[in-house]
Amino acid sequence: MTWETQEMTGKKQGILIRTGDRAFLNASNAVDGLKTDLSFAGRQCTQSENFVYEAEWRVDLGAVLGIHHITIYYRTDNVKWGPNHGYVGRFLGFSVYVSNTTIKEDGDQCFQDNQIYTKDTIPAVLTLNCTHHGRYVIYYNKRTLSSNPPDYSQFAYNELCEFEVYECRNKKHGAGCSENCGHCLNGEQCNHVNGTCHNGCEAGYYKPRCKKACDPEEDCICLQGRCIEHRTYEKMTSNETVDSSGLSTYLSVVCLALETVHTKNMPLHIELTERQKHHMQVMKKYYYKSKES
């Protein structure tokens with residue numbers, strides 16, 4: 001298995017808003033690895049407060065991680081799951097967010113059951129392809145609308161027996177985490193689906209996946225882990241007319257560096273040859289011309 005559950009390194013920071021006074025329904029039950037008894041009395045599940053219209057639970061992964069998928073085990077009370085099960089309506093309509101803070105609105109919504117499922121189709125064990133980066137994973141359900149779908153419960157609940165977060169490790173990505181990442185900046189993990197590098201490439205590599213090295217014979221310019229190929233420079237400085245969309249494409253690899261140097265007044269820590277400095281001046285001209293147009 002090349003993807004693994006994210007171990008909580010002893011923290012198990014499940015937070016439930018709120019559990020009331022029933023200590024054995026602690027939020028950490030959803031990340032304790034136990035899922036043999038999916039009942040209230042089994043003490044392996046958590047449950048939010050009764051008679052509320054919003055229910056939220058979150059887990060602290062301990063660091064910003066790239067998530068491959070999430071598997072949720074919902075409370076069944078060990079009774080056969082189906083459209084007439086009493087807890088199906090409570091599970092419907094939930095959302096999952098991935099955030100770098102404890103506030104879900106600061107992050108990305110990686111799943112929303114916007115009537116994707118019905119009481120006939122939602123399973124008690126559900127896997128989500130939630131491929132985002134973040135430290136906190138937040139499970140949220142609400143019943144705040146004046147009129148909810150007929151299959152939904154009146155009040156909001158989260159009754160999670162296990163909430164498993166899986167990540168690709170060892171610089172892997174793709175189906176089954178079977179492909180190697182490229183040379184991402186600072187050795188960061190690449191996107192777990194398409195292998196792109198979130199913050200760019202290490203110096204000397206380019207393209208979205210940072211697997212192709214700059215060719216010294218072509219004298220390409222590497223900036224902040226991004227490269228401008230010699231043939232791109234030649235096209236830009238030739239007499240060819242480059243339309244605005246094409247120019248945008250050519251410049252996309254250097255906009256970040258130029259913004260850093262010339263807009264934010266931050267130094268660019270890189271050594272350039274005289275020819276590369278000349279190239280850079282040409283690129284600046286085209287960059288600022290495009291910004292003004």
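## C110 and C130

C110 is buried (under 20% relative accessible area, with exposed over 50% and partly exposed in between; 1.4 Å probe, protein chains only), because its relative accessibility is 16%. C130 is buried too, at 0%. This is a predicted model: local features need pLDDT of at least 70, side-chain atom pairs count only at pLDDT 80 or more, and totals for chains, interfaces and linings use all residues. Residues are numbered from 1 along each chain as its sequence is written, and side-chain values use heavy atoms, with hydrogens and water left out.

C110 and C130 form a disulfide (a pair of cysteine sulfur atoms within 2.5 Å). Their S to S distance is 1.9 Å. The link is left-handed, with -105 degrees about the S-S bond. It connects distant parts of the chain, 20 residues apart. C110 sits in strand β5 (residues 108-112). C130 lies in the loop between β6 (125-128) and β7 (133-142). Strands are DSSP runs (E, at least two residues), numbered from the N terminus.

## C181 and C190

A second disulfide joins C181 to C190, with the sulfur atoms 2.0 Å apart. The S-S torsion is about -65 degrees, so this disulfide is left-handed. Both C181 and C190 are buried.

## C184 and C197

C184 pairs with C197 in a disulfide, S to S 2.1 Å. The torsion about the S-S bond is about -70 degrees, so the link is left-handed. C184 and C197 are 13 residues apart, in the loop between β10 (179-180) and β11 (205-206). C184 is buried at 2% relative accessibility. C197 is buried at 10%.

## Disulfide count

The count comes to five disulfides.

Definitions and conventions
Helix = DSSP H or I, 4+ residues; strand = E, 2+ residues; numbered from the N terminus.
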